[in-house]
Amino acid sequence: MKKRQRAPQVIDTTGSAFFDLFEPAEAERLSIQSGLALALEREIEARKWTQAEAARRIGITQPRVNDLLRGRLDKFSIDALIVYLVRVGVPVRIDT
């Protein structure tokens with residue numbers, strides 16, 4: 001006897017997993033943090049830097065660059081990510 005499959009549930013979303021899963025303040029923090037990390041990752045890729053070269057230019061260790069590129073954002077504060085971006089020449093502006 002075949003089991004009946006349930007119809008999929010439709011859930012309204014905001015379009016952002018952060019805002020769907022977390023309280024507004026935490027969602028905003030995570031959104032900012034991930035945006036900064038993504039900008040830094042894209043800059044490293046655009047310049048075709050190795051992790052060692054990126055570490056030297058940013059002023060951190062290669063394992064820290066590896067953490068960044070693997071999305072381990074819990075190891076980075078928003079302040080640190082801003083400093084890293086400025087060190088590699090990426091202007092950072094926060095609009096409120």
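Reader: Which glycine follows H4, and what is its phi?
Author: The model is predicted: local features need pLDDT of at least 70, side-chain atom pairs count only at pLDDT 80 or more, and totals for chains, interfaces and linings use all residues. Residues are numbered from 1 along each chain as its sequence is written, and side-chain values use heavy atoms, without hydrogens and water. H4 is followed by glycine 71, with a positive phi, near 80°.

Reader: How many helices and strands does the chain have?
Author: Helices are DSSP runs of H or I with at least four residues, strands runs of E with at least two, numbered from the N terminus. From that end, the elements run α-α-α-α-α. The count is five helices and zero strands.

Reader: Which residues of H4 are buried?
Author: Buried means under 20% relative accessible area, with a 1.4 Å probe and protein chains only. Of the 96 residues in the chain, 27% pass that test. Cover for the buried part of H4 includes helix H2 (24–46), H3 and helix H5 (78–87). The buried residues of H4 are Val65, Asn66, Asp67 and Leu68.

Reader: Which residues does aspartate 67 contact, leaving aside its neighbours within four places in sequence?
Author: Aspartate 67 is found in helix H4. Its relative accessibility is 12%, so it counts as buried. Contact means heavy atoms within 4.5 Å. With those neighbours set aside, the partners of aspartate 67 are Arg72, Lys75 and Phe76.

Reader: At what angle do H3 and H4 pack?
Author: Axes are lines fitted to C-alpha atoms over the stretch in contact, and angles run from 0 to 180 degrees between N-to-C directions. The axes of H3 (residues 51–58) and H4 (residues 62–69) are 8 Å apart. The two helices are roughly perpendicular, a label for 65 to 115 degrees. Their packing angle is about 105°.

Reader: Which residues of H4 meet H3?
Author: The H3 side brings Gln51, Ala52, Ala54 and Ala55. The residues of this contact divide into five nonpolar, three polar and no charged. Facing H3 from H4 are Gln62, Val65, Asn66 and Leu69.

Methods: Angles under 35 degrees count as roughly parallel, over 145 as roughly antiparallel, 65 to 115 as roughly perpendicular and the rest as oblique. Ala, Val, Leu, Ile, Met, Phe, Trp, Tyr, Cys and Pro count as nonpolar, Asp, Glu, Lys and Arg as charged, and the others, Gly among them, as polar. Buried means under 20% relative accessible area, exposed over 50%, partly exposed in between (1.4 Å probe, protein chains only).
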